[in-house]
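Student: Please pick one part of this model and look at it closely. Then set it against the rest in one connected account.

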Amino acid sequence: MNNVLQIVWMIPFLPLIGFLINGLGRQRLSKSVSGIIGSGVILGSFILSIWVFLQVKNGNTYVAHYYDFINTSSLKIGFDFQVDQLSSLFLLIITGVGFLIHVYSTSYMQEEASKDFAKYFSYLNLFVFSMLLLVMGGNYVIMFIGWEGVGLCSYLLIGFWFKNNNYNDAAKKAFIMNRIGDLGFLLAVFWLLSKLGTTDYHSAFALIADPQKNPLTLFDITGITLLLFLGATGKSAQIPLYTWLPDAMAGPTPVSALIHAATMVTAGIYMIARSNILFTMAPVTQTAVAVVGLATTILAATIALKQNDIKKVLAYSTVSQLGYMFVGLGVGAYTGAVFHVMTHAFFKALLFLGAGSVIHAMGGEQDIRNMGGLKKYMSITHITFLLGCLAIAGMPPFSGFFSKDEILAEAFKQNPLFWGIGVAGALMTAFYMFRLYAMTFLGKFRGKPDQEHHLHESPAAITIPLIILAVLAVVGGLIGIPEVFMHGGHQLETFLEPVFANTNEYVKENGGVKHLTHSTEYILMAVSVGGALIALVYAWNKFNKYEKTGAEETGIGKILANKWYVDEIYDSIIGKPLQSIAAFFNSIIERKAIDGLVNGVGKAVNYGSRQIRLLQSGQVGNYVLLMVVGMLVLFIIQLFL
Amino acid sequence: MPVNYYIFLSVALFCIGVVGVLTRRNAIIIFMCVELMLNAANLLLVAFSKMHNLVLGFDFPKLASDAQVFVFFIMVVAAAEVSVGLSIIVMIYRNTHSVDVNFLNRLKN
């Protein structure tokens with residue numbers, strides 16, 4: 001049967017074409033043409049993704065095999081795409097939000113030269129291509145190709161304004177920390193391959209889920225999942241590999257929105273959600289995931305309380321929200337984590353794009369202490385930003401409330417302490433987001449007079465994506481209404497059920513699912529929403545009359561403003577020892593030993609040749625003597641041999 | 001007369017020829033010594049030819065006459081070599097006005 005889903009290869013193929021056209025033709029294409037090509041291919045992918053989604057919704061999942069990528073007698077890895085509920089959902093998020101960000105970029109990056117503009121769009125398209133490969137891959141190898149590709153594009157885009165050395169350092173930091181995580185990912189894939197002989201999702205997971213045929217021991221599964229999680233910490237900025245993400249704000253704001261908020265950083269969560277059966281069978285790893293997620297949530301939230309750069313606050317907020325997603329994965333709330341990925345993509349992209357609009361209006365200023373009172377000048381940006389803040393703070397009925405609350409409820413089922421820490425993080429989220437909102441849009445303008453004259457609302461290419469994302473951030477939660485409000489309202493859970501079927505069965509057979517009573521759930525919700533509301537109002541009142549003082553932070557504030565000195569700790573524990581080892585190797589071993597050896601050979605050859613040259617005296621008599629001596633030697637030798 | 005005596009004589013002549021080539025400075029004397037070496041070899045061949053005739057009688061006349069024919073070859077080669085060599089010496093004399101081989105060291109280094 002020729003499945004209609006065979007054309008899904010076109011979904012990543014279109015951005016690849018866009019990359020090639022914009023990349024190779026960047027010297028020749030005008031800005032409008034490269035912008036149209038760059039955005040148009042993503043629109044094409046989005047339309048195809050909608051069609052795929054509708055097909056999958058009718059129950060039509062498919063694994064498309066294109067060709068044998070690796071084909072040896074013992075190892076067969078095919079270039080497969082797996083089209084199922086999880087990947088089709090992510091396809092919609094990536095291409096949909098991606099398309100809005102591409103349109104936004106056509107206006108945001110207008111000041112670039114046309115060849116840099118085309119270069120930007122080619123990098124963005126390459127990124128979307130890699131991300132699509134990642135989510136559509138039918139086995140871990142194809143996922144890894146996409147995984148590496150998004151890391152590369154992240155590097156290229158963070159260091160887009162490459163003439164600034166600080167930006168290049170940030171790009172290198174991102175790439176290197178990603179690679180450390182990738183080592184874990186690769187080791188996990190090798191381990192899995194050596195034990196199972198296959199990396200295909202459907203065959204590997206079917207094998208593992210069957211208790212009779214499962215060849216992996218608990219040690220294997222725990223090891224593999226811990227290594228996979230290490231890869232996820234690198235890609236999705238969890239402790240200990242999160243410090244690259246705040247520095248990555250050096251890139252253009254649409255890049256921060258797309259890569260470091262909506263898509264690339266969610267790759268880790270996608271990977272764990274895809275491998276859900278492995279993680280469910282390794283409770284040690286699940287605890288580790290939840291604990292790391294909680295720690296990251298709290299750490300990043302505390303740092304965000306004291307940041308003054310609008311993008312840095314959003315960056316730490318992203319790290320914190322990613323922590324929530326990992327908490328969800330760690331307590332077994334796979335649907336909740338994926339739901340939060342979706343809603344986070346909407347409101348975080350919205351917040352970043354709004355921040356970009358503000359930065360553009362302020363002529364490049366990013367310090368919120370120099371902003372204020374912008375709501376008079378930029379009403380659309382103001383309203384959409386406010387909606388985004390309400391969503392991220394978890395206010396009902398916005399989207400953030402539903403997804404965050406689902407994770408918190410599941411965390412409570414696992415361990416009330418997890419829930420408590422999660423709620424603390426939610427309170428801090430509400431506080432710092434509304435601090436950001438109040439300092440930016442309320443109160444009096446604190447910037448320079450020439451900046452004030454420049455303030456204006458951004459053009460349509462910027463405001464229309466903001467409006468669309470705001471609508472999604474407001475209503476996006478309604479696909480996941482929990483049971484307590486409406487029976488059968490959690491359409492997302494029903495949709496994703498086949499992906500997590502193995503997990504659900506395993507959990508049922510091994511202990512069962514805990515259920516909270518309706519009243520407990522209402523109380524939990526009330527506590528978190530109420531607490532967030534109090535934090536919100538407190539921040540609103542505290543910061544809407546913010547006066548700029550030149551005062552330095554002191555005490556705890558200083559530690560938070562300096563990000564708990566984590567970068568400095570990493571530098572002294574890891575950076576400096578490595579550099580001194582490298583210096584030692586350079587001066588002692590490289591210069592003296594190896595160079596000495598190589599140069600010594602040269603010197604020996606030189607000396608030897610000088611001595612041998614003395615044989616060439618030019619005297620005929622000498623030559624004849626040597627001839628005679630040689631003959632004698634040969635004569636004597638042949639006598640004895 | 002035992003053939004050893006002829007061998008000793010021949011070897012002595014050959015060695016004198018070698019030492020002469022190595023030590024003499026005059027190019028013409030060196031040539032004479034080369035001729036001496038060639039003739040020593042000839043002497044050896046003739047001695048062996050006679051030896052084969054005497055010891056083995058008429059059973060191996062071929063070896064005896066082989067040696068004697070070979071002597072002629074050597075003489076022909078000696079003659080050709082002398083003519084070429086002497087003409088080279090004449091050219092050297094015309095260029096450097098001496099036949100001292102120690103002055104021919106332009107191939108040095």
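Tutor: Trp564(A) sits in the loop between helix H24 (555-561) and helix H25 (566-613) of chain A; helices (H or I, at least four residues) and strands (E, at least two) are DSSP runs, numbered from the N terminus. The model is predicted, so local features need pLDDT of at least 70 and side-chain atom pairs count only at pLDDT 80 or more, whereas totals for chains, interfaces and linings use all residues. Residues are numbered from 1 along each chain as its sequence is written, and chains are lettered from A and ligands numbered from 1 in the order in which they are written.

Trp564(A) has a positive phi, near 60°, although the residue is not glycine. Trp564(A) counts as partly exposed because 13 C-beta neighbours lie inside 10 Å. On this scale a residue is buried with 20 or more other C-beta atoms within 10 Å of its own, exposed with 12 or fewer, and partly exposed in between, the C-beta atoms being placed from the backbone.

A positive phi in a non-glycine residue also occurs at His97(B), at about 55°. His97(B) is in the segment after helix H3 (61-96) of chain B, and is exposed because 9 other C-beta atoms lie within 10 Å.

Other loops of chain A hold cis peptide bonds. One joins Ile239(A) and Pro240(A), with omega about 0°; Pro240(A) is in the loop between helix H8 (218-235) and helix H9 (244-247). Another joins Pro396(A) and Pro397(A), with omega about -5°, and Pro397(A) belongs to the loop between helix H16 (379-393) and helix H17 (399-414).

Now the helices of chain A. Helix H15 (residues 334-361) has 28 residues and reaches 40 Å from its first C-alpha to its last, close to the expected 40 Å, which is 1.5 Å times one less than the number of residues. H15(A) has a kink of about 25° centred on His344(A), the bend being the angle between axes fitted to the seven residues ending there and the seven starting there. Of the 28 residues of H15(A), 27 are buried. Gly363(A), with a positive phi near 70°, follows H15(A).

Gly151(A) is in helix H5 (residues 140-158) of chain A, and is buried because 23 other C-beta atoms lie within 10 Å. Apart from neighbours within four places in sequence, Gly151(A) is in contact with Phe175(A) and Asn178(A); contact requires C-beta atoms, placed from the backbone, within 7 Å.

Chain A as a whole has 26 helices and 2 strands, and 50% of its 641 residues count as buried. Chain A is divided into domain 1 (249-550) and domain 2 (569-640), with bounds from an automatic or database domain assignment. The centres of the two domains, taken over C-alpha atoms, are 67 Å apart.

Chain B has 3 helices and 0 strands, and buried residues make up 9% of its 109 residues. Across the interface, 11 residues of chain B are in contact with 10 residues of chain A. The chain B side of this contact divides into 6 nonpolar, 3 polar and 2 charged residues; Ala, Val, Leu, Ile, Met, Phe, Trp, Tyr, Cys and Pro count as nonpolar, Asp, Glu, Lys and Arg as charged, and the others, Gly among them, as polar. The predictor gives the complex an ipTM of 0.80 and a pTM of 0.80.

Definitions and conventions. Contact = placed C-beta atoms within 7 Å.
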